[in-house]
Amino acid sequence: MFRRGLKAAVLACSIVSMAACSQPKVAPGDFDEEVQRLVDSGDMYGDVFMALRERRPELYVDFRRIAVREFNRGRNARDSSRIAGMKMREKFLNEILELSKVASDETIDEMIDVMMETYQHLGEQNPNDCARNIEGLPPEKADDLPQELRHRETELVIKLLTSTPTAANRRAASRKEVVNWMVNLSKLEPSVGRMLQLIDKRGRSKAENKDLCDGMIITYKRLSYKNSADRGVLFRGLALMALQQRLHLRNTADPDETS
């Protein structure tokens, strides 16, 4: 049976999993100048600032506030941006889910590819961090994701934020279609059924986190086997369902269930 515990985990992108690194302290007033240098040099973290400022001003205010605070602690603008993204992971995840509802088939293909690589890498290196990633949390270890993969994730965030919103010819699967697919998949792939059983469990062991991660990898692999159009329809349906679940959980969650 399809579990409530999916709770957006199928779309808990590792996007904006960011790390920090100390730098000599610089005056906070220089922050905007350093960000502008990132923009002028074509640095992706400069692009994140620009995309948020132009497309998501309400997120930009919080993002900049956190980044400035870290900058004032001695980090450069680039590393301050990484930390800001990590601390705002929950809000970014909601944005990614919203944008995924109408993402193009091509963008969805990229997202699925990045997600599979992320889960595969974390599953091999640190199953506990893989489980945290699935739940929308940042990794405990800053270096758990290779720099190239972090770059691809950040580029996807920028692409999603700056793309022209449109739902034309971008159907999302219905809830019934999503549930049927997950139920059938769990019958074909026992690891997926195991994943659904473990998502809600508190205090999982490392071995159970590995099972959770393996099930997520198989889910995305199976999704990737579909043709691009069908894959896009199902992925957009998963995004819509995840958003509905998150809203429901936020409105009805018990005090000890706020994730």
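Phe31 has a relative accessibility of 0%, so this residue counts as buried. The model that shows this is predicted. Phe71 is also buried, again with a relative accessible area of 0%.

The search of the whole structure for aromatic pairs finds five of them. An angle over 60 degrees is what the term edge-to-face requires. Phe31 belongs to helix α1 (residues 31-40) and Phe71 to helix α3 (residues 57-72), so the pair ties together parts of the chain that are 40 residues apart in sequence.

Phe49 and Tyr60 make another edge-to-face pair. Phe49 sits in helix α2 (residues 44-55) and Tyr60 in helix α3, 11 residues apart. Both of these residues are buried. The table sets out the two pairs.

| Pair | Centre to centre | Angle between planes |
|---|---|---|
| Phe49 and Tyr60 | 6.1 Å | 85° |

Which residues do ring pairs link into a cluster? They are Phe31, Phe49, Tyr60, Phe63 and Phe71.

Of its 259 residues, 51% count as buried. Among contacts with a separation of 6 or more, 77% come from residues 24 or more positions apart. The protein chain exposes about 12400 Å², and carbon and sulfur atoms supply 49% of that area.

Methods:
Residues numbered from 1 in each chain as written. Predicted model: local features only at pLDDT ≥ 70, side-chain atom pairs only at ≥ 80, totals over all residues. Heavy atoms only, no water. Buried < 20%, exposed > 50% of the residue type's maximum accessible area, 1.4 Å probe, protein only. Contact = heavy atoms within 4.5 Å. Areas by Shrake-Rupley, 256 points an atom, 1.4 Å probe, with all protein chains shown as cover. Phe/Tyr/Trp six-rings, centres within 6.5 Å; stacked < 30°, edge-to-face > 60°. Helix = DSSP H or I, 4+ residues; strand = E, 2+ residues; numbered from the N terminus.
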